[in-house]
Amino acid sequence: MYPIILLSFFGVVTLFLGFSKSKNILLPATLFFLLIALAGNFAEWNKGPILYFYDMLRVDNVTLAFNGIILISAFMIVAISGGFQDNADSEPAEYYALMLFSLVGAFMMVGFQHLIMLFIGVEILSVAMYILTGSNKRNLRSNEAALKYFLMGAFATGFMLFGMTLLYGATGSFKLEHIQGFASNMPAGSESYILYAGLLLLLIGMLFKVSAAPFHFWTPDVYEGAPTIFTTFMSTVVKTAGFAALYRLLSGSFTGIYGFWWIVVAAIAVLTLLVGNIGATSQNSFKRMLAYSGISHAGYLLIALTALSKPSQNAIIFYSLAYSLSTICAFGVLMLVSKEKTIEGQPNEYYDAFNGLAKQNPLLAFVLTVSMLSLAGIPLTAGFWGKFFIFTSAAERGIIWITVIAVLMSTVGIYYYFRVIISSYLKEGDLTKIRVAPFYQAILVLATVLTILFGLAPGLFENLI
């Protein structure tokens with residue numbers, strides 16, 4: 001509750017700060033706002049489930065844990081966004097304000113207890129991302145990405161609203177507990193097909209937001225066309241909020257018809273794993289590879305949703321944090337390298353941009369290597385334990401076959417992640433020493449240390465939450 005109020009106010013303040021003569025105040029002010037929101041978020045820790053806005057928003061420890069991951073990710077992303085101030089054509093006040101406003105939508109998605117609150121949250125987050133995707137107005141790829149994202153997002157919203165309408169027609173309520181009561185108390189042999197259809201349509205709209213196949217077609221083009229800093233935001237904050245919303249939706253309303261929807265989600269998870277991992281192997285662009293990688297990681301998180309248990313809840317939280325830290329490191333290094341190596345004035349975002357990185361920039365090469373190892377699920381990184389917890393939750397549920405497929409797809413992922421490491425350490429390149437701002441470097445090191453720390457002591461995170 002506190003972060004929603006604080007960030008709504010801070011977003012407006014950030015817009016007014018844009019009228020100041022110096023842009024230098026915007027970055028530290030935004031970071032300060034995010035720290036205050038983070039403190040406000042954990043001020044409600046262990047106070048029990050609290051309902052706000054006429055019981056439409058629920059705040060509990062699960063909500064606060066997801067909100068914390070989102071705020072930490074946003075803080076790190078904003079911290080490495082100093083390039084805005086160096087670009088005469090950029091409007092940093094608007095960018096930072098939109099990022100703060102989008103977080104309000106993300107928090108509504110995480111804690112919704114009413115489908116209308118879910119819709120409002122999705123739209124606040126989505127509209128902000130449509131604008132930020134097309135913020136590089138001089139770049140045709142950015143314009144194309146924004147248009148594609150907007151049009152396909154509008155169709156997904158239509159599916160989601162139609163699903164909500166059918167759910168209301170079947171149950172007479174938008175509240176999760178009322179839908180849960182209806183779904184759990186249906187007499188045997190009296191299936192409500194309107195309820196089933198509503199759930200499927202709602203899932204289509206939500207699965208679009210997290211880049212699950214076959215609703216993933218927008219992802220590679222949008223990731224590639226959007227400015228890299230907003231691609232980072234999209235692949236961490238938006239994905240975390242989307243899966244938190246999916247978990248709350250399925251666990252809070254549809255456990256009574258688990259036998260109907262689990263096989264649908266399992267089939268989408270398998271398809272997502274196949275599309276993401278196989279698609280990533282053929283990419284030469286690092287950003288497009290990370291786009292397909294993000295699709296594959298959506299598949300792993302869908303496995304946890306399929307299991308839908310207390311262990312899977314903790315697995316989703318841990319995996320979201322591990323994935324966010326690694327992704328921020330990967331995109332953070334890409335932004336530095338792509339500025340140094342350009343093709344006809346445009347940033348080079350291909351694998352060969354990393355050739356010889358370790359020779360002149362050993363720290364950046366190490367950060368990139370740890371992030372790739374974590375995304376691949378190699379032991380001693382947080383990504384390994386994230387996958388382990390997800391596979392364990394699925395095995396405990398008795399869904400062994402999907403675990404086997406996921407493990408096989410993880411081995412495919414090793415191929416395209418290690419291509420980056422090979423380019424950094426084993427290939428010759430003409431990269432010179434890259435100057436990195438101290439705060440930027442500190443953020444990359446912090447994210448890397450946390451990735452290794454949670455890889456060595458995964459129980460530490462569980463103790464924290």
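This is a predicted model: local features need pLDDT of at least 70, side-chain atom pairs count only at pLDDT 80 or more; totals for chains, interfaces and linings use all residues.
Start with the core. The largest nonpolar core holds 168 residues. Within this core, L103, F286 and M372 touch the most other members. Helix α13, residues 310-340, gives the most to the core, with 18 residues.

Look next at L103 itself. Set aside its neighbours within four places in sequence. L103 is then in contact with L7, L34, I70, L71, A74, F233 and V237.

How many of the 15 residues of α15 are buried? The count is 12, so α15 is largely enclosed by the rest of the structure. Just after α15 comes G377, with a positive phi of about 80 degrees.

Now turn to a helix pair. Helix α3 is residues 61-79, and helix α18 is residues 438-456. They pack at an angle of about 145 degrees, and their axes lie 9 Å apart. The crossing of α3 past α18 is left-handed. Which residues make the contact? From α3 come F75, M76 and A79. From α18 come F439, I443, L446, A447 and L450. Eight of the contact residues are nonpolar, with no polar and no charged residues.

Helix α4, residues 92-111, contains A97. Is A97 buried or exposed? Its relative accessibility is 1%, so A97 counts as buried; the cut-off for buried is under 20%. A97 touches G11, T14 and L15, not counting residues up to four places away in sequence. A97 and L15 are 82 residues apart in sequence. In space, their C-alpha atoms are 6.1 Å apart.

Finally, take a loop residue. S135 sits in the loop between α5 (115-133) and α6 (140-171). S135 has 11% relative accessibility, so S135 also counts as buried. Leaving aside neighbours within four places in sequence, S135 is in contact with Y95, S142, P227 and F230.

Note on methods
Residues are numbered from 1 along each chain as its sequence is written. Side-chain values use heavy atoms; hydrogens and water are left out. Axes are lines fitted to C-alpha atoms, for helices over the stretch in contact, and angles run from 0 to 180 degrees between N-to-C directions. Helices (H or I, at least four residues) and strands (E, at least two) are DSSP runs, numbered from the N terminus. A crossing is left-handed if the near helix is turned anticlockwise from the far one by less than a right angle, and right-handed if clockwise. Contact means heavy atoms within 4.5 Å. Ala, Val, Leu, Ile, Met, Phe, Trp, Tyr, Cys and Pro count as nonpolar, Asp, Glu, Lys and Arg as charged, and the others, Gly among them, as polar. Buried means under 20% relative accessible area, exposed over 50%, partly exposed in between (1.4 Å probe, protein chains only). A nonpolar core is a set of buried Ala, Val, Leu, Ile, Met, Phe, Trp, Tyr and Cys residues joined through side-chain atoms within 4.5 Å.
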